[in-house]
Amino acid sequence: MTKPQLHFAHANSYPAGTYRRFFDLLGADFDIQALDMHAHNPNYPVETGWGALVQEYIDDLVSRYDKPVILLGHSLGGMLSLMVAKARPDLVRCVVLLDSPVVAGWRALVLRLLRNSRLGERHFSPARFSRRRRNLWPDADAAYQHFAAKPMFAAWAPQVLRDYMHSGLAPHPQGMQLRFTREIETEVYRSLPHHIGSLTKGRFPVPIGFIGGTESVECRQAGLGPTRKLVGRFFRQIPGGHLFPMESPERAAAEVRAMVAALLAPRGRAD
């Protein structure tokens, strides 16, 4: 029996290979494909509102599939998946957002005002970290030790950090460097869309669900009201932070499996 096709879009700065364990767990039920790295094709530059990144995603779907597929996206990938589904619902069966909350209302206005200001970047945007992020090490093991010493990465499940190193590093004349450049990562943060709230008004054209981390700072900052309004009963939270697919890939995969089943059930379509 042919497995349903599921297309995954990664979070900012984490190439798709970082999610290998997560994919392995989902692979028994889905045929999973993903674009290795979003935002690094010069034909689709990072720009305010991510319009070219949405087009990159659409073009990738059209080139890979001959029928609608399930979209699963984490953080950046979730927002892109939502925008793709809105623009081209004919390509999509359903969407599952992994810790990709909808920013709407006054928060979207604040985001718009602060996005390119020095004050906003200095105090609110993740760009304040990414633009200074270390990106070069003498060898892969030194890079691994650098990340393993940080509490955020120490919380990841065994082997996931190794997968990040395997997929996220590339040779450099002075050792190893991050493939996902800190310049691109920073531009993605600086160009965050502020119009998601308007895109999600009214009935969304495909079934959509949300799975978030109970300790996610991103969800707390964005507020979950607009997300709950968008997804209705297809809302879940599980223990963990913004990077819960890396922290608890088994739990994340189980929740995705259940969410997709609920979204594609006849009752899910009716709702």
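Guide: Residues are numbered from 1 along each chain as its sequence is written. As the model is predicted, local features need pLDDT of at least 70, side-chain atom pairs count only at pLDDT 80 or more, totals for chains, interfaces and linings use all residues, and side-chain values use heavy atoms, with hydrogens and water left out.

Visitor: What makes E1 and E3 a pair of strands?

Guide: Strands are DSSP runs (E, at least two residues), as helices are runs of H or I with at least four, both numbered from the N terminus. Two strands pair if DSSP finds at least two bridges between them; four join E1 (residues 5-9) to E3 (residues 69-74), so the two count as paired, and they run parallel. Within this pair, Phe8 stands opposite Leu72 in E3.

Visitor: How do you know that helix H2 packs on the sheet?

Guide: Contact means heavy atoms within 4.5 Å, and H2 (residues 51-64) touches E1, E2 and E3. Its direction makes about 155° with that of E1, where axes are lines fitted to C-alpha atoms, for helices over the stretch in contact, and angles run from 0 to 180 degrees between N-to-C directions.

Visitor: Why are E2 and E9 called edge strands?

Guide: The open sheet has six strands in the order E2-E1-E3-E4-E8-E9, with parallel pairing; strand E2 (31-34) and strand E9 (235-238) each pair on one side only.

Visitor: What makes E6 and E7 a pair?

Guide: Four bridges join E6 to E7 (residues 175-178), and the two strands run antiparallel; in E7, Gln177 is the bridge partner of Ala170.
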